[in-house]
Amino acid sequence: MEQTRLGSSGLKVSRICLGMMSYGDPASRAWHLEEDEAEPIVRRAVEAGVTFFDTADMYSDGRTEEITGRLLAKLFLRREDYVLATKVYFPMGPGPNDRGLSRKHVMSAVDASLRRLGTDYVDLYQIHRWDHETPIEETMEALHDVVKAGKARYIGASSMYAWQFAKAQHCAATKFVAMQNHYNLVYREEEREMIPLCLDQGVGVIPWSPLARGLLAGNRGRDGARRTPRAGSDPLADDMYEEADFDVVDAVLAVAAEREVPPARVALAWLLGRRGVTAPIVGATSLRHVDDAVMAAELTLTEEEKRRLEAPYRPHPILGHS
């Protein structure tokens with residue numbers, strides 16, 4: 001698989017990032033896989049050339065980080081051979097300082113993540129959301145100190161408004177090199193401000209939910225059908241996407257049928273072809289999901305196909321910032 005720079009940084013990552021959120025405690029999410037079930041899927045990704053892996057401290061209350069650390073240590077000979085990303089912000093305990101982006105929480109959270117991951121450092125440490133209760137100057141100074149202490153090589157951010165991201169970059173001694181935002185064929189509002197800002201500033205874009213929580217892979221129907229365990233237990237998807245989005249899904253299905261490939265492959269190929277996009281973060285609960293993602297990186301859509309895929313789009317309210 002092609003390796004590319006993360007924005008204008010010197011860090012090289014695979015064009016597909018494997019999102020590890022799918023691996024954790026099935027008691028908390030019906031679609032979570034235990035470690036032994038996850039291993040062959042992660043192994044398939046590694047064998048295909050995936051070197052970039054994303055997790056977060058709050059996924060499965062820390063269990064996902066533990067699984068991620070053990071699997072990557074087993075599948076790679078050297079820590080230097082893969083790029084590991086995690087995130088901080090959401091609650092990790094009952095106390096008022098067990099959440100957010102205060103200096104106190106950032107410093108304790110990075111140490112806790114490193115313990116769970118079984119490593120001395122992460123390559124990319126990301127703020128999971130914007131903290132309205134902590135001055136951004138405090139957060140950016142804490143992240144700078146995390147990098148200077150050798151606990152993270154680079155820092156990144158996730159969904160927020162472009163003005164917030166610009167403000168953070170302006171006051172930062174160590175700047176963000178990546179933006180992990182909500183971006184896919186049925187949610188393209190990031191094209192208005194955030195992606196142009198990232199292009200201007202040399203920030204890599206690593207979209208989450210590149211398949212719209214499975215909608216673009218065909219896991220839901222207009223009639224309310226739920227075709228996968230995740231689709232049947234993911235009420236957030238019902239809140240985020242709407243009836244008009246099925247027009248986009250229909251376009252994806254039509255192009256995929258003509259190409260004789262799965263719809264997920266077409267949707268990912270479109271995203272991989274967008275300016276500024278470094279690596280979509282793809283969740284996988286089967287070997288087929290990995291294969292579709294890997295092969296999407298080799299699929300080039302025609303300009304006519306792109307126009308057909310983009311034509312049904314309808315603007316959305318801002319989704320994913322909270």
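A polar contact is a pair of N or O atoms within 3.5 Å, where one must be able to donate a hydrogen and the other to accept it. The points below use that term. The model is predicted.

1. **S113 and E65.** S113 sits in helix α3. Its side chain makes a polar contact with the side chain of E65, at 2.9 Å. S113 is buried because its relative accessible area is 0%, and buried means under 20%. Beyond its neighbours within four places in sequence, S113 is in contact with D57, E65 and T86.

2. **Helix α4, its span.** Helix α4 runs over residues 136-148. It has 13 residues. From its first C-alpha to its last it reaches 18 Å, close to the 18 Å expected at 1.5 Å a residue. After α4 comes G150, with a positive phi near 80°.

3. **Helix α4, its buried side.** Which residues of α4 are buried? They are I136, T139, M140, A142, L143, H144, V146 and V147. An α-helix has 3.6 residues a turn, so residues three or four places apart point the same way. The cover over the buried residues of α4 includes helices α3 (103-117) and α5 (162-170). It also includes strands β6 (122-127), β7 (152-158) and β8.

4. **H144.** This residue belongs to helix α4. Is H144 buried or exposed? It counts as buried because its relative accessible area is 19%, and the cut-off is under 20%. H144 touches A173 and T174, leaving out residues up to four places away in sequence. H144 and I155 are 11 residues apart in sequence. Their C-alpha atoms are 8.5 Å apart in space.

5. **S158.** Strand β7 holds S158. S158 is buried, with a relative accessible area of 1%. Its side chain reaches the backbone oxygen of Q180 at 2.7 Å. Setting aside neighbours within four places in sequence, the contacts of S158 are I127, H128, R129, M179, Q180 and W208.

6. **E190.** E190 is placed in the loop between β8 and α6. It is buried, at 5% relative accessible area. What does the side chain of E190 make a polar contact with? The partner is the side chain of N181, at 3.0 Å. Not counting residues up to four places away in sequence, E190 touches N181, H182, I195, P196 and H321. E190 and S159 are 31 residues apart in sequence, yet their C-alpha atoms are 9.5 Å apart in space.

7. **Y183.** The loop between β8 (176-180) and α6 (194-201) also contains Y183. Y183 counts as buried because its relative accessibility is 1%. A polar contact of 3.2 Å joins its side chain to that of R274. Y183 and H132 are 51 residues apart along the chain, and their C-alpha atoms are separated by 23 Å.

8. **Helix α8, its span.** Helix α8 covers residues 245-259 and has 15 residues. It reaches 21 Å from its first C-alpha to its last, close to the 21 Å expected at 1.5 Å a residue. Just after α8, E260 takes a positive phi of about 60°.

9. **Helix α8, its buried side.** The buried residues of α8 are D245, F246, V248, V249, A251, V252, V255 and A256. What covers them? The cover includes α9 (263-272) and α11 (303-310).

10. **α8 against α9.** The axes of α8 and α9 come within 8 Å and cross at roughly 105°. So α8 is roughly perpendicular to α9. Which residues meet here? From α8 come V252, L253, V255 and A256. From α9 come P263, V266 and A267. The residues of this contact divide into seven nonpolar, no polar and no charged. V252, V255 and A256 are also among the buried residues of α8.

Key:
Residues are numbered from 1 along each chain as its sequence is written. This is a predicted model: local features need pLDDT of at least 70, side-chain atom pairs count only at pLDDT 80 or more; totals for chains, interfaces and linings use all residues. Side-chain values use heavy atoms; hydrogens and water are left out. Helices (H or I, at least four residues) and strands (E, at least two) are DSSP runs, numbered from the N terminus. The expected span of a helix is 1.5 Å times one less than its number of residues. Buried means under 20% relative accessible area, exposed over 50%, partly exposed in between (1.4 Å probe, protein chains only). Contact means heavy atoms within 4.5 Å. Axes are lines fitted to C-alpha atoms, for helices over the stretch in contact, and angles run from 0 to 180 degrees between N-to-C directions. Angles under 35 degrees count as roughly parallel, over 145 as roughly antiparallel, 65 to 115 as roughly perpendicular and the rest as oblique. Ala, Val, Leu, Ile, Met, Phe, Trp, Tyr, Cys and Pro count as nonpolar, Asp, Glu, Lys and Arg as charged, and the others, Gly among them, as polar.
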